[in-house]
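Hello,

Here is the structure for you to look through. My notes on it follow below.

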Amino acid sequence: MKAQLIATTLIVGGGAVLLWAIQRAKNDPVSTVGPEPTSSNTQSFLSSLFFQDNNAMKETTPQATPAKRFYLSSRSKNRMSGVHTDLVRVVERAIQLTQFDFGITSGVRTAEEQNALFKKKASQLDGYSKKSRHQTGHAIDFVVYDENGKVTWGFSYYTQVSLAFKQAALELGIAIKWGGDWVSFKDGPHVELDRTVYP
Ligand SMILES: [Zn+2]
């Protein structure tokens with residue numbers, strides 16, 4: 001029992017010193033602010049520990065990884081055939097700025113294609129009495145790939161990619177609307193040219 005108690009005390013005491021050491025290393029590895037060690041030997045031992053650690057980290061920790069570069073696939077490009085060139089320019093710039101990869105799933109649609117989506121309840125526009133911006137080449141839909149390259153429908157990913165679209169549009173002076181900003185029917189995968197500028 002007594003040996004156990006001593007062992008426990010040593011472990012707890014050692015743990016406390018280690019925690020203090022970690023904390024000190026994290027906060028300020030150079031200054032002497034913080035509780036002083038009980039002896040100069042402890043101090044030099046801990047100092048060597050910190051500085052060894054710091055040096056090791058400098059050598060092995062990679063620098064902040066540069067932002068990944070993404071490219072439009074030929075399938076994405078094909079799907080934009082017939083889309084207004086200003087919107088294509090925005091897409092081509094957005095793929096260079098985006099934090100997450102994306103692909104184009106839909107560009108121009110015929111009235112029949114739009115009506116099929118309406119019947120599937122995938123759109124509120126029937127293609128005849130209510131036309132979609134897709135029918136006139138003023139809209140595209142995109143799909144986002146997450147950090148593992150998998151298709152995602154998580155709205156936050158679409159918000160992230162929309163920032164790239166908005167930045168691209170700003171740079172090019174082309175007015176766009178992101179479907180995710182709509183209040184009544186949020187359409188995260190949809191981007192279109194602003195009606196007020198591109199009727
Ligand atoms: Zn759309």
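**What the model shows**

Strands S2 and S3 (residues 151-152) run antiparallel and are joined by two bridges. Strands are DSSP runs of E, at least two residues long; helices are runs of H or I, at least four long; both are numbered from the N terminus. Two strands count as paired if DSSP finds at least two bridges between them.

Two points before you read on. This is a predicted model: local features need pLDDT of at least 70, side-chain atom pairs count only at pLDDT 80 or more, and totals for chains, interfaces and linings use all residues. Residues are numbered from 1 along each chain as its sequence is written.

**Strands**

Asp-141 faces His-190 of S5.

Overall, the protein has six helices and five strands. Their order from the N terminus is α-α-α-α-β-α-β-β-α-β-β.

**Core**

Of the 199 residues, 22% are buried (20 or more other C-beta atoms within 10 Å of the residue's own; exposed means 12 or fewer, partly exposed in between; C-beta atoms are placed from the backbone). A nonpolar core is a set of buried Ala, Val, Leu, Ile, Met, Phe, Trp, Tyr and Cys residues joined through C-beta atoms within 7 Å. The largest one has 24 residues, and Val-90, Val-91, Ile-140, Val-161 and Phe-165 have the most contacts inside it. H4 (85-97), S1, S2, H6 (155-172), S4 (176-178) and S5 each give two or more residues to this core. H6 supplies the largest share, seven residues.

What does Ile-140 touch, leaving out residues up to four places away in sequence? The list is Met-80, Val-83, Leu-87, Val-91, Ile-104, Ser-106, Gly-107 and Val-191. Contact means C-beta atoms, placed from the backbone, within 7 Å. Among contacts with a separation of 6 or more, 60% join residues 24 or more positions apart.

**Confidence**

The average pLDDT (the predictor's confidence in each residue, from 0 to 100) is 80, and 67% of the residues score at least 70. Residues 15-22 stay under 50, with three contacts beyond four places in sequence. Residues 44-58 are also below 50, with seven contacts beyond near neighbours in sequence.

Best regards

Methods
Two residues are in contact if their C-beta atoms, placed from the backbone, lie within 7 Å.
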